[in-house]
Amino acid sequence: MSAIIPMKDIVSLCKRRGFIFPASDIYGGVNGFWDYGPLGTELKNNIRDLWWKSMVITPPLGLDGAPLQIVGVDTAIIQNPTLWKASGHVDGFSDPMLDCRETKLRYREDKLIVLKSKDGQGHALVFHEDAEQDTIDARLKKLARGKSSADFETVSLPEIDLSEYSNLIGPDTKKAGTLTEPKEFNLMLHTYLGAAAGEDNKAYLRPETCGSIFTNFKNIVDTSRVRIPFGIAQIGKSFRNEVTPRNFIFRSREFEQMEMQFFCDPKDDIKGWFDLWKNYRKEWWLSIGLSDENLNFHEHTQDDLAHYAKEGVGAYDIEYKYPFIAPGFDELEGIHDRSQFDLSQHEKFSSKKMQYQNLQTNEWYTPYVLETSAGLTRGVLAVLCEAYTIDENRPSGMYMNCHPSIAPKKAAILPLVAKDGQPEIAQKLYMEMREHMPVDLDIKQNIGKRYARQDEIGTPFCITIDPQTREDQTVTIRERNTMAQKRVHLDQVLGYVQGNLKYS
Ligand code: ATP
């Protein structure tokens with residue numbers, strides 16, 4: 001079992017090394033928004049490109065063993081508002097939330113837990129579901145007069161009757177009875193198009209990327225050669241006015257999704273397709289370096305399912321053991337049965353036929369849809385958490401064990417000293433290697449500090465030019481995880497790095 005790394009260490013590394021910064025940092029940030037720095041951008045793009053490759057360029061074989069067809073789209077963030085009426089988001093996309101009258105803070109009801117005294121005496125204390133044990137113990141000590149966590153039972157806030165609210169002490173106050181009743185809060189962010197700000201020109205920032213995949217279904221069938229079963233994939237930004245953005249980039253208000261809608265015949269083996277996608281998607285997360293012990297399938301209960309999915313094969317979340325919830329898990333990707341719901345709704349709202357004709361029987365039908373809906377942003381967080389490895393034996397005290405396929409830089413070229421012809425050799429090697437992979441050329445500073453920097457950004461190989469290089473044309477190649485060093489001839493450096501990047 002690897003150690004659980006505190007989130008604050010991950011956030012601080014991200015800022016220190018230029019992975020992720022708070023958006024508008026110099027103005028104090030803006031809650032729920034993040035900017036990606038040079039290395040974060042590379043890391044995110046690598047994950048994005050590998051997803052595209054595995055879903056669109058080399059999708060899996062279908063149930064009959066033939067290669068599947070998945071095509072891509074890149075659609076507008078703002079669509080006709082009717083799209084979001086048809087999808088149910090305008091009326092139904094909400095979370096129950098409550099406020100604290102004292103602190104004016106706002107909370108999502110289903111993310112709060114309550115510690116109730118087993119003897120029924122005294123106040124009950126409310127916490128965020130991911131509160132750390134130290135925080136819980138400290139508040140109990142202050143507010144529960146000598147009782148310890150063993151004297152309490154934990155229930156979720158939705159299980160608490162409204163009549164008991166006057167007895168609750170909210171997560172950020174010392175007083176009981178300051179929490180309001182939960183109310184539904186719509187998560188759609190909106191804007192106004194054109195000069196006037198009124199209901200007539202209100203438009204929404206998309207809350208998920210799949211909406212416009214459905215509205216393009218007919219365009220794609222009519223203009224490309226795809227035939228059912230096939231999929232449409234899209235990567236892009238989505239926006240949700242989350243009540244409590246938290247846990248770094250895990251729950252933000254602007255984030256990226258990687259979604260694929262798979263269209264098949266309702267008479268097909270839906271369970272077979274669903275299992276295929278569920279397993280393929282988990283395998284993919286493993287392939288970019290997440291470990292099996294940190295991944296989990298969570299099956300939605302009947303109560304959690306969208307009304308249209310109740311009759312189908314259900315829904316599973318692929319969950320990751322993020323440090324803020326460990327040893328628990330939280331969502332990374334959803335694999336959903338969306339049945340014929342979306343296409344039927346769009347047919348109803350647009351009065352355009354959204355059906356598909358079976359070319360053998362001439363029969364028309366509304367295709368059945370299975371969805372894989374992954375968070376690119378949450379994927380970045382998961383790989384950062386997975387990679388962070390403590391190692392007291394190196395100056396940085398840690399290194400990022402990024403899978404080579406996603407590492408922002410694959411190699412760094414480091415002349416030992418900035419003289420004696422070493423920088424020139426380094427630059428020549430750099431010019432050769434950069435044609436094949438992202439490489440860093442770092443000339444100044446002491447070599448220990450430069451190794452430490454590369455360890456912290458997860459570079460798999462450091463190539464050092466030293467006095468011997470001028471004599472025999474060899475360099476040392478230092479492997480990140482083992483710190484083992486090997487002498488390799490300059491002519492073979494590129495081949496060596498390319499060959500060894502393929503390890504899994
Ligand atoms: P949650 O229960 O965590 O709010 P969800 O079930 O609403 O998530 P979906 O609507 O299924 O999420 O969205 C698909 C994916 O999009 C999620 O698995 C997640 O990776 C990502 N995602 C959703 N909301 C956010 C957010 N606020 N910030 C970052 N990623 C998000």
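**View 1. Strands around the ligand.** β14 (254–264), β17 (330–339) and β20 (368–375) each bring at least two residues to the shell around the ligand. Strands here are DSSP runs (E, at least two residues), numbered from the N terminus. β17 makes the largest contribution to that shell, with five residues. This is a predicted model, where local features need pLDDT of at least 70, side-chain atom pairs count only at pLDDT 80 or more, and totals for chains, interfaces and linings use all residues. Residues are numbered from 1 along each chain as its sequence is written, and side-chain values use heavy atoms, with hydrogens and water left out.

**View 2. Who lines the shell.** Look for 16 residues surrounding the ligand (a heavy atom within 4 Å). The closest are E242, R251, S252, E331 and L332. By class, the shell holds seven charged, six polar and three nonpolar residues. Asp, Glu, Lys and Arg count as charged, Ala, Val, Leu, Ile, Met, Phe, Trp, Tyr, Cys and Pro as nonpolar, and the others, Gly among them, as polar.

View 3. Zoom in on the polar contacts (N or O atom pairs within 3.5 Å). A backbone N or O atom of S252 sits 2.8 Å from a ligand nitrogen atom, and a polar backbone atom of F250 is 3.2 Å from a nitrogen atom of the ligand. At L332, a polar backbone atom lies 2.9 Å from a ligand oxygen atom. The protein buries 86% of the 590 Å² that the ligand exposes when taken alone (Shrake-Rupley method, 1.4 Å probe).

Definitions and conventions: Polar contact = N/O pair within 3.5 Å; in protein donor to acceptor, adjacent residues only side chain to side chain. Helix = DSSP H or I, 4+ residues; strand = E, 2+ residues; numbered from the N terminus.
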